[in-house]
Amino acid sequence: MSLRIGLVGARRGLSLIQGVRSVAGCQVTAVCDLLPERCAQVAQEYEIPHQFSDYAAMLDSGTVNAVVIATPQFLHAPQAVEALRRDLHVLSEVPAATDLMQCCELLDAVRDSRGTYMISENCCYMTPNVLVREMAHRGLFGDLYFSEGEYIHALRELYVTTPWRRRWQSGRNGVTYPTHQLGPVLQWIEDRITSVACLGSGHHYLDTEGKPYEQEDCILMTCRTARGGMVKVRQDILSERPHITCAYSLQGTEGCYESARSPQETAKVWLKGRSPDNSTWLPLTDFAEEFLPSEMQTPPEEVASAGHGGTDFWVARDFAEAALEQRPPALDVHFALDITVPGLISEQSIALEGAPIRVPDFRQYVPGSKVLPVV
């Protein structure tokens, strides 16, 4: 079997090309973009034989049996469904969906398809996050009861160059981009969110038309998990301030972790029995040789040229290998919904001034019903 991959969304899709090309039996055979000039440029530069401006035409062309969907977020679920209905493999950018009915349709398509579906949450492949995941799964932090993820990334300038962001990221009030925060955290704690309560800090910035953004400037979502733990999620994509982009913490009965929050800081852990006392932090890197997967200790050369600090290489490679080997992917559709749906529910909570709202468990969804699972 070979994998013939079509990039959908030429600009963002390029960041993932090194990962899929690193896998034997995989090639990028097509590129699809609404801008013909961009499509032609990418095809020429990366020696991609087929070009399309019509997505359905590419799916039906016989030139691909897999797609990497790197389009605006409101298209992720509909385009994934189209491909899955043709039994094509799908790597989808985040979030997985923009409303709850899309979640139902996506789950139906995955269950009825012979194709593999994987969500492209690259923060799960950040080296510190992988290291903390391995340490957590081996019990170094003990019984895990608190974690947090933050996404602090001023995106206002992009609302002019990519107007879809103005509608789908800042044009809704809630945690509209939750997967970077929740992806690594839910991998660490191996749990799912069962309820959310969400509040915002008000409106202090205006868009290019002089109007307030629909989204409040700083959004805070507190979450309860199935096993009784707590997760705190923060999203701030409007405030005028330096980026942190992503920040995380984890706490358990035997230790805790704090990520770096600026270029001047380093990620650190405190571990009972390994730290010299109750007030001394240890650099997270001290544990890399013992717990970080060997392939990430000495990564392939292609990682350096992949996007988002090399994380796009790992997520694309994992997808390609899972599709070729016809095995469940690392970040399957249930995980995709676990990290997407709490953000959708946050919009209900913030509209109710922070009232806790239950999060549907789509593992209980009745196939074909288009009815949200009872919670």
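**Helix packing and cysteines**

In α7, the residues N129, V132, R133, A136 and H137 meet P184, Q187 and W188 of α10, where contact means heavy atoms within 4.5 Å. By class, the residues of this contact between α7 and α10 are four nonpolar, three polar and one charged (Ala, Val, Leu, Ile, Met, Phe, Trp, Tyr, Cys and Pro count as nonpolar, Asp, Glu, Lys and Arg as charged, the others, Gly among them, as polar). The model is predicted: local features need pLDDT of at least 70 and side-chain atom pairs pLDDT 80 or more, while totals for chains, interfaces and linings use all residues. Residues are numbered from 1 along each chain as its sequence is written, and side-chain values use heavy atoms, with hydrogens and water left out.

Two packed helices are described by the angle between their axes and the distance between the axes. Helix α7 covers residues 127-137 and helix α10 residues 179-189; their axes lie 8 Å apart at an angle of about 20 degrees. The two helices, α7 and α10, are therefore roughly parallel (angles under 35 degrees).

The cysteines come next. A disulfide is a pair of cysteine sulfur atoms within 2.5 Å, and by this rule the count is zero disulfides. C26 is in no disulfide, as the nearest cysteine sulfur, that of C32, is 20 Å away. C26 counts as buried at 11% relative accessibility (buried means under 20% relative accessible area, with a 1.4 Å probe and protein chains only). C123 is in no disulfide either; the nearest cysteine sulfur, that of C246, is 3.7 Å away. C123 is buried, with a relative accessible area of 2%.

Note on methods:
Buried < 20%, exposed > 50% of the residue type's maximum accessible area, 1.4 Å probe, protein only. Axes fitted to C-alpha atoms, helices over the stretch in contact; angles between N-to-C directions. Helix = DSSP H or I, 4+ residues; strand = E, 2+ residues; numbered from the N terminus. Parallel < 35°, antiparallel > 145°, perpendicular 65-115°, else oblique.
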